[in-house]
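Me: I would like to go through this protein step by step, with questions that can be worked out from its structure. Could we begin once it is in view?

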Amino acid sequence: MVEVAAPARPAQGEHLPALPPPPASYRVPLAIGTVQVASRFHLAPLAGYTNWPFRLSVREIGGVGLCTSDLINARAILEGVPKTLSLLANDPRERPLFVQIFGSKAEELAAAACWLMERGLADGVDINMGCPVRKVVKTGGGSALLCDTSGATIEMVRRVVQAVAPAPVTVKMRLGWDDQQWTAPYFARAFEEVGVAAVTIHGRTRAQGFSGSVRLEGIRQVVEAVRRIPVFGNGDVRTIADAARMIAESGCHGIAIGRGALADPWIFRHLDYWIRTGRAAPRPTYQERLDFMRLHLRRLVEWKGDEKYGCIQFRKVATWYCKALRLPKKVQQRLVMLSNLQEFEEVIAPFAEKGPPPGWTEQETQATAIPVPSGPVSYW
């Protein structure tokens with residue numbers, strides 16, 4: 001198996017922007033209920049992407065406090081749907097791990113949470129209240145739960161908390177359905193009262209989808225609504241400067257990063273190093289990025305137990321690797337149709353030998369466009 005090497009020093013002549021001073025509070029240890037986390041920067045759940053091959057590979061780079069699984073249908077867990085159960089595969093080396101479940105029926109969410117904890121598949125359970133896609137919200141799950149202030153949503157969460165106590169339950173949600181309904185502060189306060197251990201707030205409404213800008217003032221309203229539990233900000237963090245701005249303007253106690261980690265799996269190491277030292281961490285080389293791509297592919301094959309289907313899983317991540325590494329269009333066209341490991345090695349061999357293209361710097365990966373997560377929630 002390919003190992004991810006320690007990152008190298010910045011290339012000679014590569015310009016590194018001045019960094020803001022790190023917040024002293026982020027050096028203080030943080031716990032989510034009974035689970036102690038090593039850093040305040042977490043891998044956020046992304047449908048179709050945060051399976052164990054990616055989670056473990058990012059965890060090994062360092063700097064991650066907590067990983068959360070792909071979102072998983074609570075009813076499908078209880079029905080034993082094979083495709084759903086495959087999403088629960090994990091590795092002891094990636095712990096602590098929370099599993100994110102979604103649904104709209106309290107009895108199903110509570111039973112699924114118990115099923116997970118009884119089998120030791122998670123250290124905690126996260127309830128999805130942020131997914132904006134139609135196939136989820138039309139059943140009353142995801143962002144739709146933020147519309148019901150009658151007490152039913154709060155009671156549902158209370159039942160999950162009681163079902164798995166003392167294991168921690170967290171909630172990931174958006175600001176609300178639209179700009180006329182920023183219900184997240186109300187729910188965060190209510191969830192704390194029924195025993196939720198932490199909340200993660202994506203600073204967009206359901207109406208925004210993944211467009212527009214994250215509203216940091218909305219995240220701040222959630223932070224100010226709770227008394228004790230940590231609030232993690234989420235959305236559009238790609239750099240240390242982005243993280244510093246979110247912390248300063250929202251007061252969040254930690255940050256959950258999803259698409260930013262797809263573009264730059266080293267982002268957690270960069271952020272953790274900045275918090276501890278106030279300086280920029282050494283950056284990975286071009287070869288180390290190639291090695292990470294190879295490692296990710298090989299673990300996808302191991303996860304699927306079949307070379308062909310592992311390669312099929314890799315196809316949807318191939319495009320962002322090609323952009324980050326500035327690989328030619330013809331290479332991208334082959335990788336998005338990849339069917340075996342030998343072909344992969346043949347395709348990337350010339351670039352491993354030649355090294356980075358002229359003018360390439362590791363910093364440009366931060367500008368890599370990452371598509372909206374696909375998989376079970378592909379369509380609006």
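**Questions on a predicted model**

Reply: Phe-98 lies in strand S5, residues 97–102, and the model in which we look at Phe-98 is a predicted one.

Me: Is Phe-98 buried or exposed?

Reply: A residue counts as buried when its relative accessible area is under 20%. Leaving aside neighbours within four places in sequence, Phe-98 is in contact with a list of residues that includes Ile-32, Val-35, Leu-66, Val-125 and Thr-170. Because the relative accessibility of Phe-98 is 1%, this residue counts as buried.

Me: How far apart are the C-alpha atoms of Phe-98 and Gly-254?

Reply: Along the chain, Phe-98 and Gly-254 are 156 residues apart.

Me: Which residue is joined to Arg-95 by a cis peptide bond?

Reply: Most peptide bonds are trans, and here the omega angle is about 5° for a bond that is cis. The residue in question sits in the loop between helix H3 (82–86) and S5. The partner of Arg-95 in this cis bond is Pro-96.

Me: Why can helix H7 be called largely enclosed by the rest of the structure?

Reply: Among the buried residues of H7 are Phe-187, Ala-188 and Phe-191. The buried residues of this helix pack against strand S6 (124–129), helix H6 (152–164), strand S7 (169–174), strand S8 (198–202) and H8. Helix H7, residues 184–193, is largely enclosed because the number of its residues that are buried is 7 of the 10.

Me: Which residue just after H7 takes a positive phi?

Reply: Here we look just past the end of the helix, where a phi of about 105° is found. The residue with this positive value is Gly-195.

Me: What is the phi of Asp-236, and where is this residue found?

Reply: Most residues other than glycine have a negative phi. Asp-236 is found in the loop between strand S9 (231–234) and helix H9 (240–250), and its relative accessible area of 37% makes it partly exposed. Although Asp-236 is a residue other than glycine, its phi is positive, with a value near 65°.

Me: How close do the N and O atoms of Glu-224 and Arg-220 come?

Reply: Side chains of opposite charge can pair when their charged atoms come close. Glu-224 and Arg-220 are 4 residues apart in helix H8 (residues 216–225), which means that about one helical turn separates them. Glu-224 is exposed, with a relative accessible area of 54%, whereas Arg-220 is partly exposed at 29%. In their salt bridge, the closest N and O atoms are 3.5 Å apart.

Me: Which residue forms a salt bridge with Asp-264?

Reply: The closest N and O atoms of this salt bridge are 2.8 Å apart. The pair links distant parts of the chain, with Asp-264 in the loop between helix H10 (259–263) and helix H11 (267–277) and its partner in helix H12 (residues 286–304), 25 residues apart. Both residues of the pair are buried, and the partner of Asp-264 is Arg-289.

Me: How many salt bridges does the structure hold?

Reply: One of them joins Asp-272 and Arg-276, with the closest N and O atoms 3.0 Å apart, and both of these residues lie in helix H11, about one turn of the helix from each other. Salt bridges that share partners also join Glu-60, Asp-91, Arg-93 and Arg-299 into one network. The number of salt bridges in the structure is 19.

Me: What is the radius of gyration of the protein?

Reply: The secondary structure comes to 15 helices and 10 strands. For 380 residues the globule rule gives 21 Å, and the protein's own value is close to this, so the protein is as compact as a globular protein of that length. The radius of gyration is 20 Å.

How values were computed. Residues are numbered from 1 along each chain as its sequence is written. This is a predicted model: local features need pLDDT of at least 70, side-chain atom pairs count only at pLDDT 80 or more; totals for chains, interfaces and linings use all residues. Side-chain values use heavy atoms; hydrogens and water are left out. Helices (H or I, at least four residues) and strands (E, at least two) are DSSP runs, numbered from the N terminus. The radius of gyration is taken over C-alpha atoms; the globule rule is 2.2 Å times the number of residues to the power 0.38. A salt bridge is a side-chain nitrogen of Lys or Arg within 4 Å of a carboxyl oxygen of Asp or Glu. Buried means under 20% relative accessible area, exposed over 50%, partly exposed in between (1.4 Å probe, protein chains only). Contact means heavy atoms within 4.5 Å.
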